Every structure is written in C-alpha cells, then in structure tokens.
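This report describes selected features of the structure shown below.

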Protein chains: 2
Amino acid sequence: MKTIKTIDSAQYVYAFTPEMAPVSHIAPGEMVRFDALDALGGQVRAETDILAGLDFDRVNPATGPITIDGAKPGDTLSVTLHSIEMDEQGAIVTGPGMGVLGDEMTSYATRMLPIRNAAVEFGGLKLPVRPMVGVIGVATETGRYATGTAHRHGGNMDTKEIGVGSTVYLPVSQDGAQLAMGDVHAVMGDGEVCVSACEVAARIVVETAVLKATRLAWPMVETSERIHVLVSLPTIEEALIEATRCAVSLLQRAHGLSKEDAYMLASLAVDIGVSQLVDPNKTAKASIPKYALPGPLTDWLSGQDWRGDG
Amino acid sequence: MKTIKTIDSAQYVYAFTPEMAPVSHIAPGEMVRFDALDALGGQVRAETDILAGLDFDRVNPATGPITIDGAKPGDTLSVTLHSIEMDEQGAIVTGPGMGVLGDEMTSYATRMLPIRNAAVEFGGLKLPVRPMVGVIGVATETGRYATGTAHRHGGNMDTKEIGVGSTVYLPVSQDGAQLAMGDVHAVMGDGEVCVSACEVAARIVVETAVLKATRLAWPMVETSERIHVLVSLPTIEEALIEATRCAVSLLQRAHGLSKEDAYMLASLAVDIGVSQLVDPNKTAKASIPKYALPGPLTDWLSGQDWRGDG
C-alpha cells in the first residue's frame, strides 16, 4: 500500500494571507492527509474547560499550508474529500455573547460529546454523525483573514456539505494555491447557532486538481446531488442576495438564458440557505440541483472568468 | 364512496382579519377539499400576460374561510394535507423591482410551464414536481394581513415543506379558526427569489384537528422527518433569529434542559433556513430533526402556552 503524504497537526496557521510559507507540496492527483487539531486547539478536555478560560490565540488552527504544484493565480483548485477520520470524543462550547442568542445566555457551558457507532451523544440523544470540514481555504489575493473568518478564499465557511465525497472549488490567488484546512465537526446544524458544533480532531484525506484559467468569484462545493455557491459577507442578508446573484449567473451562462429566464429558473429550482450565522462573516449557500445544471460542473466552469458574478 | 365537502374556488378572501365570515364549516376529522385559483388569480394565460399588466387586486386569493367546529381562541389547529391535484399548466412571472434581484432586471417576463409526468418543464429542463401550499392561515388576533403577507396567523409563508403528507399547526385566535388556503406551487426553491414560483390552480384535500388550550407563538409544519418552526418578520435576519429562539425553547422544554444546553443541542441538530425572501414579511424556518425531538409532536405541544417563545 502506498504511503500517503501527511501534514502534521503541529503545522498550522491562524490566518490566510497573500504570502503563506508552505510546509510541503503535492502534485495534483496525489492523495494527501491533513491531521487537524479541533477548532479549540485541543484546549477543551473536560466540561470545566469553558470558553471564558481559553486562550483565543489558539483557536481555529488550520493545518498547512501546502503548495499544489502548478497552481497559478487565476486557476481554480478543486479539493475532493476522500475520508474524514475523527477522534472518539468531541466538545461543544457556548456562553454569554456567543452566537445567535448570545445576549440571552447567562453562563458559560461546555459539553463533552462521545462519538461512537456513527452517532454523537448529547445527553440521552444520539445524533447521526455527518463529518464536515469547517475551515478550508487558500492564500488570499490581498488582505489577511483570520482562520475564523470566511471570504472569497474560503476559510471558516462552516458548511455541512463540505463532507466525505464532496469536492470544494477555491479560487487560486497565489502561486501554489497554499491549501490549509481544519475545524472538523462531527455534526452541525445549518447556522451553527451557539457559535460551535461538535468540535473534534480529525485526519482528512483529500485529492486535488487544478482547473486552469478558471476564475471563480466565490468558493463552491459539489455533492452527488447538488452544487452550492458559498458566499461569506458581513451580514447574512448581503450573503443571501449575493449567493442568489451567483446562482442566477451560473444558470444564465450554462443554458444561454436571458437574465430574466435564469432568474425564474432559480426561483423554481435553487434553494437559498444558510451555512453559518455566527462567524465574523456570515455564510449563505445557493444550492443548485443537478437536474437544473446537468453534466460535470468542471465542464461549466473550465476556462471561464466568473469573477464578475459576485 | 363518501362525498368530500368542497369549497369552491369562487369563494375566497384577499386578507386574514379578526372578523372573517365563514363560507362553510366542518368537524375536526372530516375531510374537506379547497379548490384554489392560482396566486395570479387566473389572469396569466399566455406569455404575453406580464406582471405589469395584471390587476393586483386579484392576486393571492385564498379559498375559504371555513369554520372548524369547536376551535376556540387559545387552541391550535392542525391541518394535514392528504392530496394536492394540480392543473396541467402553471406560470411563473418576474420583472423590474421584483424579488431578490429586482433592481437588476430590465424587462417583464412570463413563462408558461407544462406540468406532466411529475415534472415541470422549463425550456428543455424537467424539474421534479413538489406541490406545496403557499398561503394557509386562520383569522388573526388583531390586525389585517393581506393574503400576500405571512405572520403569526400563517398566511403567505411560501414554505415548500407544506406539501402532501405534512401537517401544519396554526394558532387559533378566533372562534372557529376560519381556515383559508391557496397559492399552490408545483415546484419552488427556498427563497422564491424571482417573486413567484410555478403558480398553478389546484384542489387540496385536508383533514383538521384541534389541540385544545395549546397556544403557539408561530406556525409549525411537521413532515415525516422534521418539525419546522415558521417565523415571518420584516427582515430575514430578524426571522432567522426568532426561529432559532423558538427551536431552542422547544428543545429546552421538551428535554428539560438548561437554556445553554438547549442552545448547544440546536447548534448540533437544528437547521436554520429560508422559506422565502420576497414577500412583505420574510419567512425563516428552524428545522428540528425528529431524532432530536422524538415522539409525536402533538404530545410536546398539547395543553401548553408557547406564546412566550417568540
């Protein structure tokens, strides 16, 4: 059996920037494993480890970055997730000021969450696991984005469709792309309302490809059934509008429709939804079913400039 | 075969108010059929019938209202949808100023949409039908709400989960509830971004029940897998927050959790999403999977006052 190149969990960043120093490199098509700390940096080991006591400088580590050989600014990097192997225990935390209802919370709370038999246990409830990668991104075109923030480069998109079998598409802005990831959740609801989910250390095996001269406006994720455009902006309202705009544009170009026809098709077929409501930028998703956009997504995207779409 | 009482499509209202004159009455447990015009009042018969030319006083008719025998203020009315039989052609319309991207549209457009073989045809695409009831509501406690607006009484919630097999729960504010419905869509994406969906005339067969002394804050809809709290407020951001609050409260009471624990459970299991972004009030949904709220929903709701939850 071939050994897979592994990026150790001790090699991480806390920000996506234009100038990131790679810790390794791979060729497109080569499998690579990212070993990732949980989003709390491994600081929560018991229910007495509450948010108020954590070192926030150690939150949201993203393993990497690594160079993808041959990736150039103006390309799109695709990252297919082959497996996510999680530790047997996760944690969730919340407290006053945290998340959607932070103003209504009066105390800090932490729960340790056993993960066994494909379920996350919360009290007497068993929630089916749905492992996902919360942070995945590449070096930015300009500006520094902490790993806790999402934008055009990816980052903390906290989108539950970024799971095993899905492919993430990220706009490349720097030579080698500089891919980093982490923040695995064993399970999360859309919104991630309390500010965290089942945070767990994990090992993520991925395979990359480079779509030459394909300039995306925003990241996308493709699952077996759907294509999701992921837009992260300061308010969820802005993000929902921009995600709608991107989906309409994609349908318009793909089918050669008028803008009005593409708009109507989106109204019939595209689901506008929420990835997360709690990070510095909020993430909306426009989910296009494959019956509205048949054929390989890469054929639609390849060699085109999509930056004007958002 | 027993004849089902039918409410004719010529018997409709354009507003939900405190004082609605019933056109008929039924007993709980009795099947009843609502024949509903499409949301455009049947005014669109060809692609030359554009929005700019429509009589807006004839938009969003809701068939009814009917009295549900024995329903009293402070009860909850449940409405189970047994079937939705649609005409063979629907229509979708949009134009400048309409919907999420109205500012970017330059012309009015109408498309006639054949519905056959369980698909809505749009150009060469076939979109699987998913019939749903856009407007469903009861007499209000106070205030007049046009049928195009949603609020605590129900109304134009445009929620695609309100389909065959689902049960809608509505807070009763007046004697007899005064149930009315219409605005069937053969298919719609979450958001209904262009302002309309596949608008179609239809015949809806439902069965009602009355949960005594159960006071809901907001409507809910139950499907085989999930329970959705439906909140309609002037901005989607407010609606998303309020929907989160309602879901946390429901989990808190159902499981006897602390507020913080219920908040964390919601973050793990509840999907916060969008029903529609285009009506005068926007509708958000908090979708609770049944593995997080096991057992019949009626058992959780019955005989409790939920009005403080939102």
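## Basis of the strand assignments

Strands are DSSP runs of E with at least two residues, and they are numbered from the N terminus. Under that scheme, Pro65(B) lies in strand β6 of chain B, which covers residues 62-68. The model discussed here is predicted.

In chain B, the peptide bond that joins Gly64(B) to Pro65(B) is cis, with omega about 0 degrees. Chain A has a cis peptide bond between Gly64(A) and Pro65(A), again with omega of about 0 degrees. Pro65(A) is found in strand β6 of chain A.

## Strand β17 of chain A and its partners

Strand β17 of chain A spans residues 177-185, and nine of its nine residues are buried, so the strand is largely enclosed by the rest of the structure. One of its pairings is with β6(A), residues 62-68: the two strands run antiparallel and are joined by three bridges. In this pairing, Ile66(A) stands opposite Leu179(A) of β17(A).

A further antiparallel pairing, over five bridges, links β17(A) to strand β12 of chain A, residues 132-137. Here Ile136(A) stands opposite Met181(A), and Gly137(A) faces Ala180(A) in β17(A).

## Strand β12 of chain A

What is the burial state of β12(A)? Six of the six residues of β12(A) are buried, so this strand is also largely enclosed by the rest of the structure. Ile136(A) stands opposite Gly155(A) in β15(A), while Met181(A) is its opposite number in β17(A).

## Contact between the chains

Chain A and chain B each bring 60 residues to their contact. The area buried between them is about 4,900 Å², with carbon and sulfur atoms giving 68% of it. On the side of chain B, Tyr263(B), Met264(B) and Leu268(B) supply 17% of the area that this chain buries against chain A, more than any other three residues.

Tyr263(B), Met264(B) and Leu268(B) are among the buried residues of helix α2(B). This helix is mostly covered, with 10 of its 11 residues buried. Its other buried residues include Glu260(B), Asp261(B) and Leu265(B).

## The largest pocket

The largest pocket has a volume of about 860 Å³. Its lining comprises 35 residues, and those nearest its centre are Lys160(A), Glu161(A), Asp190(A), Arg226(B) and Asp271(B). Elements giving two or more residues to the lining are β20 (226-233), β21 (271-276) and β22 (282-289) of chain A, together with β20 (226-233), α2 (259-269), β21 (271-276) and β22 (282-289) of chain B.

By residue class, the lining of the largest pocket divides into 15 charged, 11 nonpolar and nine polar residues.

## Loop residues of chain A

Asn60(A) is located in the loop between β5 (31-36) and β6 of chain A. With a relative accessibility of 13%, Asn60(A) counts as buried, because the cut-off for that class is under 20%. Leaving out residues up to four places away in sequence, Asn60(A) touches Val13(A), Tyr14(A), Ala39(A), Val135(A), Thr147(A), Gly148(A), Asn156(A) and Asp183(A).

Pro73(A) occupies the loop between β6 and β7 (76-86) of chain A. Its relative accessibility is 41%, so Pro73(A) counts as partly exposed. Apart from neighbours within four places in sequence, Pro73(A) is in contact with Val172(A), Ser173(A), Gln174(A), Asp175(A) and Arg215(A). Pro73(A) and Val210(A) are 137 residues apart in sequence, and their C-alpha atoms are 11 Å apart in space.

## Positive phi outside glycine

Asn117(A), a residue other than glycine, has a positive phi near 50 degrees. Asn117(A) is found in the loop between β9 (109-116) and β10 (119-122) of chain A. Is Asn117(A) buried or exposed? At 77% relative accessibility, Asn117(A) counts as exposed.

Val195(B) is not a glycine either, yet its phi is positive at about 100 degrees. The place of Val195(B) is the loop between β17 (179-185) and β18 (202-211) of chain B. Its relative accessibility of 23% makes Val195(B) partly exposed.

Definitions and conventions:
Residues numbered from 1 in each chain as written. Chains lettered and ligands numbered in written order. Predicted model: local features only at pLDDT ≥ 70, side-chain atom pairs only at ≥ 80, totals over all residues. Heavy atoms only, no water. Buried < 20%, exposed > 50% of the residue type's maximum accessible area, 1.4 Å probe, protein only. Helix = DSSP H or I, 4+ residues; strand = E, 2+ residues; numbered from the N terminus. Pairing = 2+ DSSP bridges. 1 Å grid on protein atoms, 1.4 Å probe; cavity = no way out; pocket = protein on both sides within 12 Å on 5 of 7 lines; lining within 4 Å. Points joined across faces, edges and corners; volume = space filled by probe spheres on them. Nonpolar A, V, L, I, M, F, W, Y, C, P; charged D, E, K, R; others polar. Contact = heavy atoms within 4.5 Å. Buried area = accessible area lost by both parts, 1.4 Å probe.
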